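Subject: The structure with its ligand

Hi there,

Here is the structure I promised to pass on. Please have a look at it first, and my notes follow below.

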Amino acid sequence: MTTHLQGSLFDQTDEVRLGPLDGLRRTRLGSGAWIDLLPGWLSGADALFERLAAEVPWRAERREMYERVVDVPRLLAFYGASDPLPHPLLAEARDALSAHYAEELGEPFTTAGLCHYRDGRDSVAWHGDRIGRGARQDTMVAILSVGAPRDLLLRPAGGGGGTVRRPLGHGDLIVMGGSCQRTWEHCVPKSTRAAGPRISVQFRPHGVR
Ligand SMILES: O=C(O)CCC(=O)C(=O)O
C-alpha cells in the first residue's frame, strides 16, 4: 500500500530549486563524528517527491533474518557513478555538495542511493555505512529528504549514550561526517503515528556504501 503525500504548507511551488549551502550548521557528536544540517535546502520538494515516487525503478528487496526470508521494509534504487540520475536536480545537488565539501572531503560525491519509505511501517534499523571505506576511514554521507518528515536517529555505535533525533523531509539536508559511520550509527525507526511517504537520497563518495 502507498500512502498519499500531504504536501508542505510552506513550500507550494512546483519549481524545484536548491538554495545556498551557507546556512549549514554543524553539530559535533563526539568521537570525531559530526552532522551538518540545513532545513529546507530544496524548494519544490513535494514536486520532486512526486516525480521520484512515480519514475524511479524502485526495487523491493528480501533478506534472510532468523532463518526466514522477509521483505526489506522500504523500496530501494541505486545509481553508480556513471549512471544518469533520475532527475537533473539530483545531479545539481550532488555537484553542489561536492563543491562545498571539496576541501574537507578531498573527493567528490559520486553515487546516489534512494530509499522510499511508503508509510510509518517502513524503516531502516540501526547501522553505520561500513561496507567499504566507511569501515576504516572518515568519510561523508549527505542525505537529501523529500516527502513527509521521518525521524533520523543517531547514537554512539553499540548503543548507550544519548540519542540525537532529527526529523527530515520536505527538502531538508543532513550530512554525516568525520568518524560518524564508524563511531556512531543511525536508523529511521517505524512510526506508530500516521506517517506520510518520504524519499531519501544519499550521496556518497566512491567506495562507501
Ligand atoms: O533514509 C535515510 O535518511 C537513511 C538511509 C540510510 O541510512 C541508509 O540507507 O543507509
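Where does the ligand sit? The ligand is in the largest pocket. A molecule sits in a pocket if more than half of its atoms lie within 2 Å of the grid points of that pocket. As for a pocket, on a 1 Å grid over the protein atoms alone, it is an open set of points where a 1.4 Å probe fits, with protein on both sides within 12 Å along at least five of seven lines, and lining residues have an atom within 4 Å of a point.

Two notes before you read on. This is a predicted model, where local features need pLDDT of at least 70 and side-chain atom pairs count only at pLDDT 80 or more, while totals for chains, interfaces and linings use all residues. Residues are numbered from 1 along each chain as its sequence is written, and side-chain values use heavy atoms, with hydrogens and water left out.

Now the ligand. There are 13 residues around it, and those that come nearest are Tyr-117, His-127, His-186, Arg-198 and Ser-200 (near means that a heavy atom of the residue lies within 4 Å). Tyr-117 has a polar side-chain atom 2.6 Å from an oxygen atom of the ligand, and an N or O atom in the side chain of Arg-198 is 2.7 Å from a ligand oxygen atom. For Asp-129, a polar side-chain atom lies 3.5 Å from an oxygen atom of the ligand. On its own the ligand has 300 Å² of accessible area, and the protein covers 95% of it (Shrake-Rupley method, 1.4 Å probe).

Which strand gives the largest share of this shell? That is β14, with four residues. β7 (109-117), β13 (184-188) and β14 (198-205) each supply at least two; strands here are DSSP runs (E, at least two residues), numbered from the N terminus.

The largest pocket itself holds about 810 Å³ of space, a volume being the space filled by probe spheres set on the grid points, which are joined across faces, edges and corners. Its lining has 33 residues, and Arg-74, Leu-76, Cys-115, Val-124 and His-127 lie nearest the centre. Here the largest share, six residues, comes from β6.

There is also a second largest pocket, with a volume of about 310 Å³. It is lined by 17 residues, among them Pro-149, Arg-150 and Ser-191. β10 (150-156) and β11 (164-168) are the elements that give two or more residues to this lining.

Best wishes

Technical notes
A polar contact is a pair of N or O atoms within 3.5 Å; within protein, one must be able to donate a hydrogen and the other to accept it, and residues adjacent in sequence count only if both atoms are side-chain atoms.
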